[in-house]
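Turn the model slowly before you read on.

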Amino acid sequence: MEKIVTGYGLIEGPLWIDGRGLLFSDVQNGGVFALDDTGRVSTVIEHRKGIGGMVEHADGGIVVGGRNICFKGQGDDRSVVLLDKDVTDSAIGFNDFTTDAAGRLYVGSLGYVVFSDQPEKPGHLHVIDLDGKVRTVSDGILLTNGMGFSPDGRKLYHSDARANIVRVYDVDDGQVGDWQTFASYDDGHPDGLCVAEDGAVVVAVAHGGRVDVYEPSGTLRESLPCPLPMVTSVAFGGEGLKDLYVVTGSVGGPDDKSGTIFRTEIGVAGLPVAPCRVKF
């Protein structure tokens, strides 16, 4: 893997936007940043901590997670909460999320503060429809993490890092059905994920120092070793989405600012993540 940039606490939420490059967050130290194709890093959002996921919005801004799910305008001061902690009695914040082809948001809520001594309390999976209305569609998720859709949009993959599984749900035009176990782990924890155009599911393995690539059937295709153990997320980017960006945290590294972005490839391009079209 090629090291691109380092010096962060816990990198999360990688998102490729054509013309801007790779957006990413630093969960611990705060902020959203953009890495352009020259390797230059600029600040997109200051200060905000806890952002585990991001998507582009069709209205020109981005949607970020953390204490709520919030639209942030780019080049203006718009800030609109799309989903707050009152969605359930147990939600204390939100981690990763994704969109379907129509632009609905699929969001995982957290039931406890992850970096704390609090007992684990399961969170939920929610859908924010295009009109802004919210449906809670699944429960029992100990630590919600990466999400992504199959190429035909009929399967939603969803990491549960504390249960050590990747779920797969049947989805039909925004309606989320039952789930099954797609992959299970006894060495590391499934974290962020993305999906390739051939249906391969690419999973960051936190505390496992690798990225696992699965066939659509759930069979492991290959494992890619990473120089740092805290592999937090993955995203396709670059021209034609042929590059795979791998982001990491500092745990297990030489110091508390060793979170790094790496770049590699797996021989297949990624699926683009559709912009959010939730109205506000």
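Start at Leu 244. Beyond its neighbours within four places in sequence, Leu 244 is in contact (heavy atoms within 4.5 Å) with Cys 194, Val 202, Val 211, Leu 224, Val 234, Ala 235, Phe 236, Phe 262, Arg 263, Thr 264, Glu 265 and Ile 266.

This is a predicted model: local features need pLDDT of at least 70, side-chain atom pairs count only at pLDDT 80 or more, and totals for chains, interfaces and linings use all residues. Residues are numbered from 1 along each chain as its sequence is written, and side-chain values use heavy atoms, with hydrogens and water left out.

Which residues touch the most other members of the largest nonpolar core? They are Val 202, Leu 244 and Ile 261, in a core of 30 residues. A nonpolar core is a set of buried Ala, Val, Leu, Ile, Met, Phe, Trp, Tyr and Cys residues joined through side-chain atoms within 4.5 Å. Buried means under 20% relative accessible area, with a 1.4 Å probe and protein chains only. Strand S23 (residues 243-248) gives this core its largest share, four residues. A second, separate core has 13 residues, including Val 55, Ile 69, Phe 71 and Val 278.

Now step back. The protein has 24 strands and zero helices. Strands are DSSP runs of E, at least two residues; helices are runs of H or I, at least four; both are numbered from the N terminus. Of the 280 residues in the protein, 56% are buried. The C-alpha atoms fill a box of roughly 45 × 40 × 40 Å, taken along the principal axes.

Notes
Buried means under 20% relative accessible area, exposed over 50%, partly exposed in between (1.4 Å probe, protein chains only).
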